[in-house]
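Thanks for coming, everyone. Let me put the structure up, and then we'll walk through a few places in it.

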Amino acid sequence: MHRPIDEPMRPHPTTTPPERGGPLDPAQIDPLVLGALLDRHGWRRRGGTPGRYSRWTPPGPGAGSPSLLVPENRAFPDCEDLLGEALTALSRCAAPSAREVLVGLTVPSDEVRWWRDVPQGPSGTVPWTVQDRLRSAARQVLLAGALAVRGRAGYHGARHRRQAQASLEGVLVGAAHGGRGLTAFVPVDPGRAVTTRLYHALYAAREAVDYQRATGRPDAFDSAVEAGVSRELTEALISLVRGAEGARIALEWAPAAGVPEGCAARPEPVEFSPGDLPALREAGARYLRGEPSMPVRITGTVVRMRRSGPRGAGTVRLRVLAGAEVPHVRVALDEDGYRTAGHAHLVGLPIRVAGRLESRGGFRRLTDASGVVPVQVDEAERDRLMKALHENLGFFGEACGPGD
């Protein structure tokens, strides 16, 4: 299935558990965790011997589907044998829930589930574009949670984005039957901080929307920032709800890791409807207007230079090394600053510049720039910068192209 190239979530595995080197070891399985996962994914408990083992059957009609015998605890004499048989049966079971149970055992993960109420197509399916919208919105929701872990802000823009995306690289994704639902398996290590922050942010967003719809006042969105609500989250929720009759997001904690402090053991799904869209849009615009610019002192390497003639002011693009949590910034410099930046680049040195990082454009522009000076670096770093210069000579000079 096609995904954008910046998709941070990997597809649900279809064969052996991912990156863990083969089948699960029954000696490492906690029977209580296995039972909790079976219950979560709809398996039905069908008796057994109290205090010794329980019998589980998969959800749905599925005549002939295997049943599992799961010991109550590791004190049962044949515990490892029963667990081994249960794992083998799960690996051979065709039910999608069996695969999800195995993933939960292999990579202890919190689960985030999305549903969109959309009209069904032939045979209960939904159009490709609808499924793609769900995946895109789910990715935005997780990214908003990861950004909130790195700092509370009404609008993050480009700040912390690389680190936030990197923290989601281990997330696995499985689509529900029919394409109207999606499940993300977020590994507890290091993803627990993301799911915990997302839990608080979703409930705060729901409460802020209710308050605005009841009173007409957006004040609650101001305090919701501390819980992790941001323009990025409101935009993600808008994308999730738009074109649907409603949407829900639910979280389930990894049984092996327990419940995070300050969170409900069994969180209720958070629901949003088309009637919430005006409040979400207004909040997003409010966050965008309200996030101020900030004074910074940035150290970065020049990757592009441009000015309209052989003299005068110009614009440079820096790859940020320190001073701001953004990958690149564009800086307008006077003639002396532009000349200093050019000389520093030609000898393989980064520059340091002070200014204000503007929220307009996503914190990608530095204004009121001053104090441009070259920065000394060690020989290895200087050689690397010089190599980059020779590989990209076409980008530099007095006028290096139509844009930066």
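Start with two helices, H2 (residues 79-92) and H3 (residues 96-106). Their axes come within 8 Å and cross at roughly 130 degrees. Axes here are lines fitted to C-alpha atoms, for helices over the stretch in contact, and angles run from 0 to 180 degrees between N-to-C directions. Helices (H or I, at least four residues) and strands (E, at least two) are DSSP runs, numbered from the N terminus.

A word on the source. This is a predicted model, where local features need pLDDT of at least 70, side-chain atom pairs count only at pLDDT 80 or more, and totals for chains, interfaces and linings use all residues. Residues are numbered from 1 along each chain as its sequence is written, and side-chain values use heavy atoms, with hydrogens and water left out.

Back to the helix pair. H2 and H3 are oblique to each other. Angles under 35 degrees count as roughly parallel, over 145 as roughly antiparallel, 65 to 115 as roughly perpendicular, and the rest as oblique. Which residues meet? From H2, Leu87, Leu90 and Ser91; from H3, Ala98, Val101, Leu102 and Leu105. Contact means heavy atoms within 4.5 Å. By class, this contact has six nonpolar residues, one polar and no charged. Nonpolar covers Ala, Val, Leu, Ile, Met, Phe, Trp, Tyr, Cys and Pro; charged covers Asp, Glu, Lys and Arg; the others, Gly among them, are polar.

Next, Ala204, in helix H6 (residues 188-215). Buried or exposed? Ala204 is buried, at 14% relative accessibility. The cut-offs: buried is under 20% relative accessible area, exposed over 50%, partly exposed in between (1.4 Å probe, protein chains only). Leaving aside neighbours within four places in sequence, Ala204 contacts Ala224, Ala227 and Val229. Its C-alpha atom is 9.3 Å from that of Glu226, 22 residues apart along the chain.

Now a loop. His156 sits between helix H4 (128-150) and helix H5 (161-166). His156 is buried too, with a relative accessible area of 2%. Beyond four places in sequence, its contacts include Leu147, Ser230, Glu232 and Phe363.

Last, the strands. Five of them form a closed barrel, E10-E11-E12-E14-E13, with mixed pairing. The twist averages 50 degrees from one strand to the next. Two strands pair if DSSP finds at least two bridges between them. E10 (residues 294-306) and E13 (residues 351-358) pair antiparallel over seven bridges. One such partner: Val296 bridges to Gly355 in E13.
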